[in-house]
Structure formats: C-alpha cells, structure tokens
Amino acid sequence: MLEQTIENRMSAIENLDTSSLSRKQLAMRDREKELLGIARDVVMREGFAQLTMDKVAAASPYSKGTIYNHFNSKEDLIAALAIEALSRELPMFKRSLSFEGSSREKCVAMHVGYFVFSQLEPILSMCAMVSRTPAVTEKSAPARLEKLNELEEIAVSIGDAFVQNGIDSGELVLNPGVTPDSVVFANWAMGFGTNALVHNAAHSSCVARQMNHNLVLQNINFLLDGLGWKPLSTEFDYEQTWSRARKELFSEELALLGQKA
C-alpha cells in the first residue's frame, strides 16, 4: 500500500511537469535546465558562496534579465538545484525497494544508490542541505519551495517504506522509545553525513585513515546493527549485497562515472 502511494505521488509530479506545456513553456523549461547546469558548474569551480547571477549570466548566452525571468535570486537557483537533485535521486531510491533480498539488504541497496549519486553529482547532493538554510529559504520563490517540499515528502515516504518492510518481515523490532520516523531520520543523517565527508573532506586525517574501507557501508552497518536489524553484519556479507546492488540497480549511473558495476 505504501509503495503504491509513493508510485502515485511520483507519477503525479512527473505528469505535472510534462503535460499540457506549450512550445513557449517547453522552451522555458529547457532554458531553465541549461541555466541550472551552468550554475552547477560555477559552484563546482568556485563554491556556493561565489555563486552569483552575474557569473551565471557571464557563462551563458542569456542576459541577466532573462535569468531573472527564471530565478528571482541566487538562492532561488540553489533551491532549483536541490529540486533537480531530488528529482534524480528519488527514482534511484525507489528502485531499491524492488531489490531482491531481505529488508535490510533493500535498505543497504538504497544507500548504494545514494552513494553512487553523490559520486555522480557531488554538487547537487550538497544542494539538498544548503537549500534548507534560512539564507536560501528566505529568498527562494514560494512555488519553488512548495515543489521542494513535495519531493522531500516523497523521499521520506520512501524511507518509511524501507523501515516498514523491516518491521513487517520481523527483521526489525523497534525498542521502546524508538519510532519508525527516528529510524528514517537516522538513516538519512548517517548516509548524508558519511557521503559528504567522503566526497568533500577526504584529506581530513579522520577520513583519510579510513579510506581503505567502504565507509558508507561500515557506518550503515554500525547503525543497523545497533538497531538490531536482522541479519546482523556479523551474520551476513553485506559487501556482497553492496556489489550486487551496484550491478543490478545502478550499472547505468556507474557507466557514466566510468566505473564497472
């Protein structure tokens, strides 16, 4: 039931994006995607703090006035980049729900997708966090924030589905005081934090001395073992699950990275 609800909500948003668009609206959409690509490149070269509308205009064939027709501020641009990130991440997360294996293996597969996307689009991955800072939300278009909220709600629903699978299978029994909501949040926090450190702080001594390990899987196993989510990592080879998920679910994304599944 929960998975069908996710499917319906994702389809509704996809149809809203693509149906009944005029030629002018299609051209506007394509131009917006082009401008988002330029903004992402600016951030990649210079960082979020150096992103300005002037720099986007200078790197594009459009005037600053045209850019303001799409985005009311650089903060609105960042919110739009976060929407782009979630729009591309959600299908990868949802794909993991159908992964063949235990409920915990499905959860691990989701983290594989999160890690692969973070490798493929490190700037977009960070936008999800940056877009929620007051500096961004206070200056973003209300319609943009509404769309971002819709996508985040779907992401939470997908997280709920992974946890509910564990509960329904009996492989995850929550201790008193632990709620499904808290398990979803812990997974997101662990996944986001580890990916951010691996991709952005690799020269930190704390990170560097661990780089011979699969840090994401290691930390997720710490979390899921702590929750008692069966089978425990002492009882099952989740490295094999990680490798299988890469091959069976994310081979196309890995090909874009020039990696073998």
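Visitor: Which residues line the largest cavity?
Guide: Tyr114, Ser118, Pro122, Ser125, Met126, Phe192, Asn195, Ala196, His199 and Asn200. A cavity is a set of points, on a 1 Å grid over the protein atoms alone, where a 1.4 Å probe fits but cannot get out; lining residues have an atom within 4 Å of a point. This is a predicted model, where local features need pLDDT of at least 70, side-chain atom pairs count only at pLDDT 80 or more, and totals for chains, interfaces and linings use all residues. Residues are numbered from 1 along each chain as its sequence is written, and side-chain values use heavy atoms, with hydrogens and water left out.

Visitor: Which element gives the largest share of that lining?
Guide: H10, with five residues. Helices here are DSSP runs (H or I, at least four residues), numbered from the N terminus.

Visitor: New topic. How many residues are in the largest nonpolar core?
Guide: It has 68 residues, and Val56, Phe71 and Leu224 have the most contacts inside it. Such a core is a set of buried Ala, Val, Leu, Ile, Met, Phe, Trp, Tyr and Cys residues joined through side-chain atoms within 4.5 Å. Helix H5 (residues 74-96) supplies the largest share of this core, twelve residues.

Visitor: How many disulfides are there?
Guide: Zero in the whole structure, counting a pair of cysteine sulfur atoms within 2.5 Å as a disulfide.

Visitor: Is Cys127 buried or exposed?
Guide: Cys127 counts as buried because its relative accessibility is 0%; buried means under 20% relative accessible area, exposed over 50%, partly exposed in between (1.4 Å probe, protein chains only).

Notes:
Helix = DSSP H or I, 4+ residues; strand = E, 2+ residues; numbered from the N terminus. 1 Å grid on protein atoms, 1.4 Å probe; cavity = no way out; pocket = protein on both sides within 12 Å on 5 of 7 lines; lining within 4 Å.
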